[in-house]
Amino acid sequence: MFSINQLVFKDIINVRKLEIESGKIYCLFGESGSGKSTLLKMFNSMLTPDQGKITYKDESIADLDPIQLRREVVMLGQDPIVFEGTVRDNLLIGLQFAAKEVVANQVLTELLKELHLAKDLDEEADKLSGGEQQRLAFGRVLLMDAEVYLMDEPTSALDENTETVIMDLFTKKVRNAGKTAIMVTHSKGIAEKYSDEIIYMTDILMKEGTLS
Ligand SMILES: Nc1ncnc2c1ncn2[C@@H]1O[C@H](COP(=O)(O)OP(=O)(O)OP(=O)(O)O)[C@@H](O)[C@H]1O
């Protein structure tokens, strides 16, 4: 699905080779400041490498329209984005961006239930707590039915029980649909429980001066 070759970004990322296979869930694991978020942002062109190449479905990402790419390769960032408007508006805005059809209120209500988000669709989203907003953003991304999900510490604002609910839901949906996910996490437990493969930053980052 993705292939990385000789990738360099400033003095942060220096990866000789990395393959991401379709239909798998990956966790990017490493210490704070090791470049996990930076690397994640390169998979949907939010950051452009200084050197090297990333391909997506055998095409160089540099040659793809970033808007089109981000419709398929969706990012849920570290801080959830909440748009002005209601819970419904916030769920539907991702579909609008992905140029997909609006879904019925019943589907949205069902999704809120699955996310353990006891809120009305008409409620103003900016009134939600940090953890609720994170689950709302999660819902928005799940509705987009993407090819690839890039998740940057998607459960950082959640308590342990809610984190389990959300991770169970997310990984079940990704697996049932045969989609791909790359997830940044600080939690070894989450990485071991939910991913098919753990990518250790220490394993993929080259030491200075060793890139040929
Ligand atoms: N665009 C940029 N230009 C220069 N330096 C950057 C840029 N983006 C990130 N950095 C720096 O690169 C390093 C890695 O940052 P990054 O956010 O990728 O780490 P991380 O592994 O995700 O960390 P954390 O687990 O704390 O979120 C940090 O020192 C950061 O300040």
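Around the ligand stand Lys 10, Ile 12, Gly 30, Ser 32, Gly 33, Ser 34, Gly 35, Lys 36, Ser 37 and Thr 38, where a residue counts as near a molecule if its C-beta atom, placed from the backbone, lies within 6 Å of it. By type, this shell divides into one nonpolar, seven polar and two charged residues. In that scheme Ala, Val, Leu, Ile, Met, Phe, Trp, Tyr, Cys and Pro are nonpolar, Asp, Glu, Lys and Arg are charged, and the others, Gly among them, are polar.

A word on the model before we go on. It is predicted, so local features need pLDDT of at least 70 and side-chain atom pairs count only at pLDDT 80 or more, while totals for chains, interfaces and linings use all residues. Residues are numbered from 1 along each chain as its sequence is written.

### Overall build

The protein has eight helices and nine strands, taken as DSSP runs numbered from the N terminus (helices H or I, at least four residues; strands E, at least two). Its radius of gyration is 17 Å, close to the 17 Å of the globule rule for 212 residues, so the protein is as compact as a globular protein of that length. That radius is taken over C-alpha atoms, and the rule is 2.2 Å times the number of residues to the power 0.38. The C-alpha trace spans about 55 × 35 × 30 Å along its principal axes.

Of the 212 residues, 34% count as buried; here buried means 20 or more other C-beta atoms within 10 Å of a residue's own, exposed means 12 or fewer, and partly exposed lies in between, with C-beta atoms placed from the backbone. Among contacts between residues at least 6 apart in sequence, 75% join residues at least 24 apart, a contact being two C-beta atoms, placed from the backbone, within 7 Å.

### Strands and their partners

Strands of a sheet pair through backbone hydrogen bonds, either parallel or antiparallel. Two strands are called paired here if DSSP finds at least two bridges between them. An open sheet of four strands runs in the order E2-E1-E4-E5 with antiparallel pairing. Strand E2 (13-20) and E5 are at its edges with a single partner strand each, so one side of each has no neighbour in the sheet.

Strand E8 (residues 180-185) is mostly covered, with six of its six residues buried. Thr 180, Ile 182 and Val 184 point one way from E8, and Ala 181, Met 183 and Thr 185 the other.

| Pair | Bridges | Direction | Facing residues |
|---|---|---|---|
| E1 (residues 2-9) and E4 | five | antiparallel | Asn 5 and Lys 53 |
| E3 (residues 25-29) and E8 | five | parallel | Cys 27 and Met 183 |
| E7 (residues 148-152) and E8 | five | parallel | Tyr 149 and Ala 181 |

### Two loop residues with positive phi

Lys 57 has a positive phi of about 50° although it is not a glycine. Lys 57 sits in the loop between strand E4 (51-56) and strand E5 (59-60), and is partly exposed, with 13 other C-beta atoms within 10 Å.

Ala 99, also not a glycine, has a positive phi of about 60°. The loop holding Ala 99 lies between helix H3 (87-97) and helix H4 (105-114), and with 9 C-beta neighbours inside 10 Å Ala 99 counts as exposed.
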